[in-house]
Amino acid sequence: MFPTKCLSVLKTEWLRQRYVLCLMGMLGMINCFTMRASLNVAITQMTAKPEQNATGDAVCPFPDVVPNVAGNTSIARAPKEYAFAWTSEQQGLILGAFYIGYIFTHIPGGLIADRYGGKHTLGLGILATAVCTLLTPWAAKAGDAAGTIAIRILMGLGEGVTFPAIFVLLAKWAPAQERSLMGTIVLAGPQVGTLIGNGLSGFLLATYGWENTFYVYGALGLAWYLFWAFLCYSTPHDHPFISDKELRYLNDNVTGLNEQDKQKEHVKTPWVAMLTSLPVVSLIITEVGHDWGFYTMVTDLPLYMSDVQHFKISDNGVLSALPFLCMWISSMIMSATGDWISSKRIVSNTLMRKVFTTIGSVGPGAFLLWASFAGCDRTVVVALFCIGMSCMGAFYPGMRVNALDLSPRHAGTIGALMNGIGALAGIAAPYVIGVLAPRGLMSEWQLVFGINFAIMSITNVAFIIFGSGEVQWWDDPNGKRPGDAESANELKPVNNKGPGQQSSTAM
């Protein structure tokens, strides 16, 4: 595709291809979540809101009100034409439809990425999502609610392969001593994507209209795919312009890049032992609770800001994005803290995972519930949302990386199970909110956030009781228990250097 001379320019020691892949992986995750979140804000301008009772606990005042002749207040807003007359329940189905497709391609995505490589699995998944995003305005106009639901299901099918593919790519490209940093950078993409998706959508909606919101995000997804197809490859050995020095370094420090390790890693998945393992089951249960809270905020926070707090659309996107900025910053700080605790061996790995997971479960549930009782003080409401989502950043050094603790060999499979089953919350939460808060009343949303607190707290109990931070016995293909000398040696990266040569330890 490109002249050989152009490729030779890229084959330099200073341009480390693992960092290029890390950056492009993060941008891919950002694209996934901007495209996923675009509808969450756009739907506030695509549909008319039901009339609300101005007496009682129903609503906060609009930002701009004027007294009428009788001394009462009336809303001073220009009349607005809405494209669709979707009910609250229909909106819940539309927002949750993405996850119907999303849950079905996690396990197949992991298997395909293992067999054919993570490059094309991830790339084609995001490409399919971008095409569906571009087609969303057409689907909505041609098929109304049914058309929108259908295109969102297709979008979910495409995006469902992305997380398993990312885990497979990191397993091939991230050295053990850099895995936490590279993993955190890539897996922080969802918060950044939600942050950008919510923040930029408010501007696009206010300036260019709801259709152009989907066109912008879809075009960015297509542009990402073109760069990804050229710059990134499934393994270092496939890369045409990786430097010899970096290839030697990765071959020495990444388990699974040489033939001996490949033979060890291609083992049968212990499905029965894995699915009956209490640490794995408790991890999946806790993931469902986490996803319920996370997807409640991702899909419905813009609705709460619009229906209850009545922020203008130009402000809604920015203020809906602010809590995710706090979560992203918090996840980086807490991940660094977790690495420091692990390096100093201050507490056991199991206790550390449980403490961080509890902060990430109880903290968000409590502060989001508190925000719903803060009334119409918009500053306090936004501040409480930000504190709650900052607490959610503790999930990263908590249960989010726990699959690597339990089974280094089968972490991708466990991760696919976690994300796939957890995505059921993405289907249920928007629909339940649509049923419980059809009129957008403050009292209705208090019930919504009360249920959210209960689900996040109760599912966390399973992890406190049964969670573990230790390698499970079934991770070893020969059934050896962790701690056995031979089993422990098998988990170490194998040095390909010959006698008298030293392994690369830094690059």
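1. Beyond its neighbours within four places in sequence, Trp445 is in contact (heavy atoms within 4.5 Å) with Asp300, Leu303, Tyr304, Val308, Ser372, Ile433, Ala437 and Gly440. The model is predicted: local features need pLDDT of at least 70 and side-chain atom pairs pLDDT 80 or more, whereas totals for chains, interfaces and linings use all residues. Residues are numbered from 1 along each chain as its sequence is written, and side-chain values use heavy atoms, without hydrogens and water.

2. Trp445 is also among the residues that touch the most other members of the largest nonpolar core, together with Met46, Leu122, Trp228, Phe294, Phe385 and Ile414. Such a core is a set of buried Ala, Val, Leu, Ile, Met, Phe, Trp, Tyr and Cys residues joined through side-chain atoms within 4.5 Å; buried means under 20% relative accessible area, exposed over 50% and partly exposed in between (1.4 Å probe, protein chains only). This core has 99 residues, and its largest share, 13 residues, comes from helix α2 (residues 17-46). Helices are DSSP runs (H or I, at least four residues), numbered from the N terminus.

3. Asp144 has a positive phi of about 55° although it is not a glycine. Asp144 lies in helix α5 and is partly exposed, with a relative accessible area of 37%.

4. Arg345, likewise not a glycine, has a positive phi of about 55°. Its place is the loop between α14 (313-344) and α15 (349-372), where Arg345 is exposed at a relative accessible area of 72%.

Note on methods:
Helix = DSSP H or I, 4+ residues; strand = E, 2+ residues; numbered from the N terminus.
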